[in-house]
Amino acid sequence: EFIASCGTYADKMKQANSKQKILDKMEAAGLTPSPKADKTFEFSFPECRKLPPPVLPFKEVAFSYPGADPADGLLLKNLEFGVDCDSRVALVGPNGAGKSTLLKLMTGDVEPTRGSVSRHAGLRIGRYHQHSVDVLDQSQHPVDFFLSEYERLKRPVDEWRGFLGKFGISGKLQTTKIGLLSDGQKSRLVFAMICVEKPNLLLLDEPTNHLDLEACVWLEGYLAKYKKCLILVSHSQDFLNGVCTHIVRLSNKTLSYYTGDYDTFTKTLEADNVIQQRKHDKEQADIKHLREFIASCGTYADKMKQANSKQKILDKMEAAGLTPSPKADKTFEFSFPECRKLPPPVLPFKEVAFSYPGADPADGLLLKNLEFGVDCDSRVALVGPNGAGKSTLLKLMTGDVEPTRGSVSRHAGLRIGRYHQHSVDVLDQSQHPVDFFLSEYERLKRPVDEWRGFLGKFGISGKLQTTKIGLLSDGQKSRLVFAMICVEKPNLLLLDEPTNHLDLEACVWLEGYLAKYKKCLILVSHSQDFLNGVCTHIIWMTQGTLRYYTGNYDTYVKTVRDDETVQQKKHEKEQADIKHLKEFIASCGTYANARKQAESKQKIIDKMVAAGLTPAVTKEKTFSFRFPECSKVPPPVLPFDNVSFAYDGKPENYLYKDLDFGVDCDSRIALVGPNGAGKSTLLKLMTGELTASKGSVTRHPALLIGKYHQHSVEVLDQNKTVLEFFMEHYPNTMTFKRDLDEWRGYLGRYGVSGRQQTTLIGELSEGQQCRLIYAMICMQKPNMLLLDEPTNHLVLSACV
């Protein structure tokens, strides 16, 4: 603005040039980006009419893929299943159980071998799965693709630009070829396509695969309040807990139904497994006893009748179906082989910069000035938004791509084991797993039986070993990739979304194993739980650079929060100093004797600006609620009439004397005074917790007081989860009904969302517990609030 004001006046050109140099220096040194820049994923599925049932009924459905071995029987059998338009259902089960196949039966991509699947005439299904991105034209720009794909909608370019921006595809990304976008950015385009079709049933098969952590957190919060029907397959326990109201377990070719989130399901399943195991053990003991009796009868004619009777009992038990052991699904347990530890430097990066060939030069470098070294005793997580370059950094480590500038060196003894989203492409889809490993590792001269035992550790056992790889599920193929990594005996693991496609039990086992892994691990994952359980260090990738943090993901989040507090204080001090200096300069006016001082102060401001001012910290708004409407109470509401009070009742010790005080329903009153003046005591007299020593306090019959104070959190049961506490504290009655879904949405308004809702209250921060108290106050629908230090423990954004 100053430069512009100078115009072309010769006497001001020198000042204008000086200011331009300051600007050039600031830009050359690198401007501080707004912390808002990474928050780029916020959309909503459009409104559509609710369908009356039946929406999608399955009747006696059985299924087997054409060409499957008849000896294997059906993949799914005797399914009776219906979709309810108000439920958010998770499908869980081991790899290969048929979860993705069940979704294909719903959409009509495959037809049942037996039985029927009916679809409501008004049903519009929006489906996301691991191959959804294949429909994108890699040679087009996102905007051009949507213009051509949805030409029938006649939307102008600007409208498509705004629409794609809600999915984090904004600015130059909109005119970048889709083939050059990251997998996460392509996934966002698929979500945009789903929204265009206005579905009333969502089928999401691993929807968080390839999305960055912030996008996953946002999507979890959004789906937790989704009012239409959702059927979800996900390996993330955290995501399932935050979103789902029902669980359907697919195991042994049939479905089992559970109400509640994933944690509730696991508790119920554990209890069911105990009963099932006892029943299994009893049956096996009975069978053993019967067989021993039959064997003891031998060929004696007088005992043959008894032996035949016992044999009939055995036959009936087997015909009715014996109870299997619940241990059957636990099929993933291996270890990375021992290898020698490498002395440093193992994998040093020196002044590394990178840009993909063909990328727009105006976009600058994807990565710049990286100084990075790998330590063989660390488990490091790479986190950052989609497109920040996490997968590219791993490719630089392996040598799949070379730096544009700088160098990456690899120790002569380094062997890298890498897992990523395209690892399964190396598998020969036409071979059986055993044949594939025999041919792929022929040099090792291992016999068939040894390969069978090896693959069994990865859950590829029995008939799966002689099933064509192309017929295996994505999760089973992922297990084969882990097996291949183990064969190579790596001393550095690079795992890019390793839990993608693995079933939940395998994810839990892998997390536990990697948490004790003693060699070097570099990990990219969108699962906060997984990162917390595994990692010792965090590297945050943003704006082409790296920032280093020690500890797990929660520690990293806390450190960032502390850094932001320091940053905000520094920002506020700088702004206050600048304001003070500018006020002084303005006060000098045009007085000659004051100009020297004014110029001196201006130089101080110029130096501050040239050095770079600290930007303000901005945070997401996660605390937004309102006290419910209630009837206004006519006066007098809460009159104090000549009230005096002492804790011992003695007049000489009165804390108050002859108070006449009244509350007006349209006022917001602050009580101020020194410590010990009796502010909290006065509030207790209002609520009736204390009684006046003299005089009277009267309360209107319709008065409902909501009180918050420093000990309010003591009413919370620290040993219950948030949802358990509220559902037990406010049980459904004839006049009050609220289901799990409504409680989730209600608590979300107080910033208690996602996995926090299924966390023990004792493990929440003090600020989060305070939010729960506000939620309880609102349940009372008070018409008078008494707030004693309400901002204690709340973060700044919540206070604001």
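## Ground rules

This is a predicted model, where local features need pLDDT of at least 70, side-chain atom pairs count only at pLDDT 80 or more, and totals for chains, interfaces and linings use all residues. Residues are numbered from 1 along each chain as its sequence is written, and side-chain values use heavy atoms, with hydrogens and water left out.

Start with Thr208, which sits in the loop between strand S6 (201-205) and helix H7 (213-223). Helices (H or I, at least four residues) and strands (E, at least two) are DSSP runs, numbered from the N terminus. Buried means under 20% relative accessible area, exposed means over 50%, and partly exposed is in between (1.4 Å probe, protein chains only). Setting aside residues up to four places away in sequence, Thr208 touches Cys216, Ser234, Phe239 and His526; contact here means heavy atoms within 4.5 Å.

Now hop over to Leu659, part of strand S20 (residues 656-661). Leu659 is partly exposed, at 24% relative accessible area. Apart from neighbours within four places in sequence, its contacts are Phe640, Asp641, Asn642, Val643 and Leu682.

## Salt bridges

How many salt bridges does a search of the whole structure find? The count is 17, where a salt bridge is a side-chain nitrogen of Lys or Arg within 4 Å of a carboxyl oxygen of Asp or Glu.

One of them pairs Arg152 with Glu197, with the closest N and O atoms 3.4 Å apart. Arg152 is in the loop between helix H4 (142-149) and helix H5 (157-165), while Glu197 is in the loop between helix H6 (183-196) and S6, so this pair ties together parts 45 residues apart in sequence. Arg152 is exposed at 53% relative accessibility, whereas Glu197 is partly exposed at 38%.

Asp400 belongs to the loop between helix H11 (390-398) and strand S13 (405-408), and Arg418 to strand S14 (residues 416-419), so the bridge links parts 18 residues apart in sequence. Asp400 is exposed at 51%, but Arg418 is buried at 15%.

Finally, Asp717, Lys720 and Glu728 are linked in a network of salt bridges.
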